[in-house]
Amino acid sequence: MTTRSYSDRAVRRTVLALAAAGLAVVTTGAALDALWLLGIGVWALIAAMVIELVHQP
């Protein structure tokens, strides 16, 4: 098993935090029927996916 460098772990932690925050905002937006919250949450999830796809460990 390979060990990951500090920067790889930091990026992974950032992606997970951004995805968790986006999911929480999407859930809140759906519960409150607020489209602007849904939009912010979806963009946060998109950003997390893009960072995960672009980052090459």
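## The outward face of helix α2

On helix α2, the face turned away from the buried side carries the exposed residues L35, W36, W43, M49, L53 and V54. The model described here is predicted. V54, which lies in helix α2, has a relative accessible area of 60%. It is called exposed because that value is over the 50% cut-off.

A nonpolar patch on the surface is formed by V42, W43, I46, M49, V50, L53 and V54. Together these residues have about 740 Å² of accessible area.

## The buried face of helix α2

Helix α2 has 20 residues. From its first C-alpha to its last it reaches 28 Å, close to the 28 Å expected at 1.5 Å a residue. Which residues of α2 are buried? They are L37, G41, A44 and A48. Seen down the axis of α2, the buried residues fall within an arc of 55 degrees, so they line one face of the helix.

An α-helix has 3.6 residues a turn, so residues three or four places apart point the same way. As for what covers the buried residues of α2, the cover includes α1.

## The loop between the helices

D33 is found in the loop between α1 and α2. Its phi is positive, at about 55 degrees, although D33 is not a glycine. Most residues other than glycine have a negative phi.

Is D33 buried or exposed? With a relative accessible area of 69%, D33 is exposed, because a residue counts as exposed when this value is over 50%.

## A salt bridge between the helices

How many salt bridges are counted in the model? The count comes to one. In this salt bridge the side chains of R12 and E52 meet, at 3.4 Å from N to O. The pair links distant parts of the chain, with R12 in helix α1 (residues 6–32) and E52 in helix α2 (residues 35–54). R12 and E52 are 40 residues apart. Side chains of opposite charge can pair when their charged atoms come close.

The relative accessibility of R12 is 36%, so R12 counts as partly exposed. For E52 the value is 39%, and E52 also counts as partly exposed. The reason is that partly exposed covers the range between the buried limit, under 20%, and the exposed limit, over 50%.

Notes: Residues numbered from 1 in each chain as written. Predicted model: local features only at pLDDT ≥ 70, side-chain atom pairs only at ≥ 80, totals over all residues. Heavy atoms only, no water. Salt bridge = Lys/Arg side-chain N within 4 Å of Asp/Glu carboxyl O. Helix = DSSP H or I, 4+ residues; strand = E, 2+ residues; numbered from the N terminus. Buried < 20%, exposed > 50% of the residue type's maximum accessible area, 1.4 Å probe, protein only. Patch = residues over 30% accessible without salt bridge, like charges linked within 9 Å, V, L, I, M, F, W, Y side chains within 5 Å. Areas by Shrake-Rupley, 256 points an atom, 1.4 Å probe, with all protein chains shown as cover. Expected span 1.5 Å × (residues − 1). Arc of directions from axis to C-beta. Contact = heavy atoms within 4.5 Å.
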